[in-house]
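Please look at the sequence and the structure before reading on.

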Amino acid sequence: MFTIEHDYDATVVTLIDEGAAPLKEDVIINAFDDCVTVSQVDPRSDEVVRITLSLTQLRDLEAALDLPEGIYQLRKT
């Protein structure tokens with residue numbers, strides 16, 4: 001399950017784990033004009049862990065999900 005909210009400066013997607021236990025903490029994705037942040041509470045420390053992806057990294061991740069093992073470099077067409 002997931003939710004989508006449109007804030008003033010970002011689109012926020014929350015991924016909610018469902019199914020058999022043990023369930024993972026919610027994943028919150030904030031999409032800004034220049035980057036995307038992914039955050040999740042670490043249940044061991046009870047602290048939020050956050051990573052920031054540039055839009056180039058996000059594009060590469062999207063492409064990587066559909067490719068076999070290897071080294072790739074995307075080029076603008």
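How many positive and how many negative side chains does the chain have, and how far apart do the centres of the two sets lie?

## Charges

The model is predicted. In the chain, 6 side chains are positive and 16 are negative.

## Overall fold

The chain contains five strands and one helix. Their order along the sequence is β-β-β-β-β-α. The radius of gyration is 15 Å, whereas the globule rule gives 11 Å for 77 residues, so the chain is more spread out than a compact globule.

Along the principal axes, the C-alpha atoms fill a box of roughly 40 × 35 × 25 Å.

## Contacts and surface

Contacts between residues at least 6 apart in sequence can be sorted by separation; 0% of them join residues at least 24 apart.

Of the 77 residues, 13% count as buried; here a residue is buried if its relative accessible area is under 20%. The accessible surface of the chain is about 6,700 Å², and carbon and sulfur atoms account for 55% of that surface.

Strand β4 covers residues 35–42 and strand β5 covers residues 47–54. The two strands run antiparallel and are joined by eight bridges. Asp42 is placed opposite Glu47 of β5.

Four residues separate β4 from β5 in this hairpin. Asp46, in the turn, has a positive phi of about 60°. In a regular strand, side chains alternate between the two faces of the sheet.

Key
Residues numbered from 1 in each chain as written. Predicted model: local features only at pLDDT ≥ 70, side-chain atom pairs only at ≥ 80, totals over all residues. Heavy atoms only, no water. Rg over C-alpha atoms; globule rule 2.2 N^0.38 Å. Buried < 20%, exposed > 50% of the residue type's maximum accessible area, 1.4 Å probe, protein only. Contact = heavy atoms within 4.5 Å. Areas by Shrake-Rupley, 256 points an atom, 1.4 Å probe, with all protein chains shown as cover. Lys, Arg positive; Asp, Glu negative; His and termini not counted. Charge placed at Lys NZ, Arg CZ, Asp CG, Glu CD. Pairing = 2+ DSSP bridges.
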